[in-house]
Every structure is written in C-alpha cells, then in structure tokens.
Amino acid sequence: MGIKQEVKKMMTEIRNGSLPSSDLIVKETFKELGYIPQKIKPEEAEQKFEEILNEVWVKTLDVLEKYENAAYSSGIPSKLILKHPRIIDDAEERIEKNGFKPVVIQIFQNWYPYLREMFLSVAQSRKARGGRDFELQFGEMLDLIGVPYQKIKRTYRVDFMMPNDETFKKNPTSAAIASAKRTLRERWREVVEELYDMRSPNIFLVTADYNVSKGHVRAICGDYRIHLVVWNDVKQKFPNEPLILSYNQWAKERLPILKKFWES
C-alpha cells in the first residue's frame, strides 16, 4: 500500500471517529448564532435572508475548524506514532545522546511525506464539505422562513423543489426549483443544462460565488434563461440584468409571488 492509500485510510478513520457530519455542523452553526425557530420569526428571517445566510456561511467554517483542530491535532500524530513506533520508543535515549533538535528533525523527516498528504487531504475535505454545507445552509434558510420544499437528487446537483415535486408535475409554472452551488468554477455548465431541461419558468441557480463573470451571466441568464441568485455585492455588478437577483430580492420579492400559487 502506497503513502496516498495509507493516508486516505488514516484520515478516514480520524474523521469517522471525531468529525461530525455536515448536517450537524450546519445545524450547530444556526443554533450558535440564534437563528432557530424559537428565537426568530419567519417574517424577520425573510427580511434578513442575505444577512443571515452570509453570517452562517462564514461561521460554519469556524465551527468546523473547532472540530478539525481537536480531531487532527491528536489524531494525526497518534496515527503516525502507530505507523513508526520505533522512532518514538527510542526518542528519549537519542535525545540524551544527541540533543533534542536533531531527534525532532529526524522524526519530522520520517513523517513529512505523510504530513504532506494529510494536510492536502484536509484541504480537499474542506472543499468537498463546502458544497454540501452550502446546500444545507440554504435548506435551513428555507426552513427558517417557512418555505415548503422537497429535496430531489440529480446527477450534478440537489434540487429544492418548492413546494414539492407533485405540484411541479401538475403545473410547472406554479412551482419553483432552486439549485444551490457553492461556486461556479466546476460543472456549472452541466448543472444549467440539467436545469434547462426541466422547462420551468421558475428556475433559480443559487450560488455563494463572489467571482461571477460576464461569461457566467451570458450563458446562465442569456442562453439558458435561468435566474441567478447571488450576494448583493455581486448583483450590483450587473444592475441591469433582470435574471440576476440578490438573496434579499429573491426572498422578499420573488418568493411571495410564488407562495400565492402554493397557498391557493
């Protein structure tokens, strides 16, 4: 077994025993910030949709780091000690003979190939969790403002079908589809092609990406006629594009119109 495979196994064992799921991390974040039904009314959350989502978006990483620090700071050295027990077993004797510094250097030299792969694994894990976290954050926001939805898994995305898939099948114009994507750097074209095939006038691609380009807008809004829901700072870059909505515009202006169809 090569180092990459060994590290993958080690890191999986560390995470499985110490890191909560993305779902638990996101729920803890909302609770820590006080954004739970017992403390905030749906109307207030709707008015502050972007502010809350942005705060949760930032805070979730802090909550994750708290668990990562505890898991990795003890889990990584524990795994490496098990991998190279002799280095540690005779460390005291070698320190007395050669001093502390050369022994530490030798240990680090032996561990370095593993540490390099381990920290790369941490970065990759964060990236993978980031997309999942954003989907969960958006779903929690819908719950917070009292919007009914059904989550449906697709090939390249997860859809939030509002109010549900049954309504969409009966009358696509009365339902709405939102797909949350952390960034538009990867697979965005496959995502919008799948969304376009739904043939619904109420499709929203929701993103946390600050680097939305004119090319994205031209393709997503122009070619595919899909609404893009973004941070207000991003919306200000495209003030004359009607298919780009800020989060607050979407929550305070567009959703109320759609809700009237669901309620009737």
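How many helices and strands are there in the protein?

Author: The model is predicted, so local features need pLDDT of at least 70 and side-chain atom pairs count only at pLDDT 80 or more, whereas totals for chains, interfaces and linings use all residues. Residues are numbered from 1 along each chain as its sequence is written, and side-chain values use heavy atoms, leaving out hydrogens and water.

The protein has 12 helices and six strands (DSSP runs numbered from the N terminus: helices are H or I of at least four residues, strands E of at least two). Of its 264 residues, 47% count as buried, which means under 20% relative accessible area, with exposed over 50% and partly exposed in between (1.4 Å probe, protein chains only).

Leaving aside residues up to four places away in sequence, Ser 200 touches Phe 168, Pro 172, Ala 175 and Ile 177; a contact means heavy atoms within 4.5 Å. Its side chain also reaches the backbone nitrogen of Asn 202, at 3.2 Å.

The wider pattern of contacts is as follows. Among those between residues at least 6 apart in sequence, 65% join residues at least 24 apart. Along the principal axes, the C-alpha atoms of the protein fill a box of roughly 80 × 40 × 35 Å.

Definitions and conventions. A polar contact is a pair of N or O atoms within 3.5 Å; within protein, one must be able to donate a hydrogen and the other to accept it, and residues adjacent in sequence count only if both atoms are side-chain atoms.
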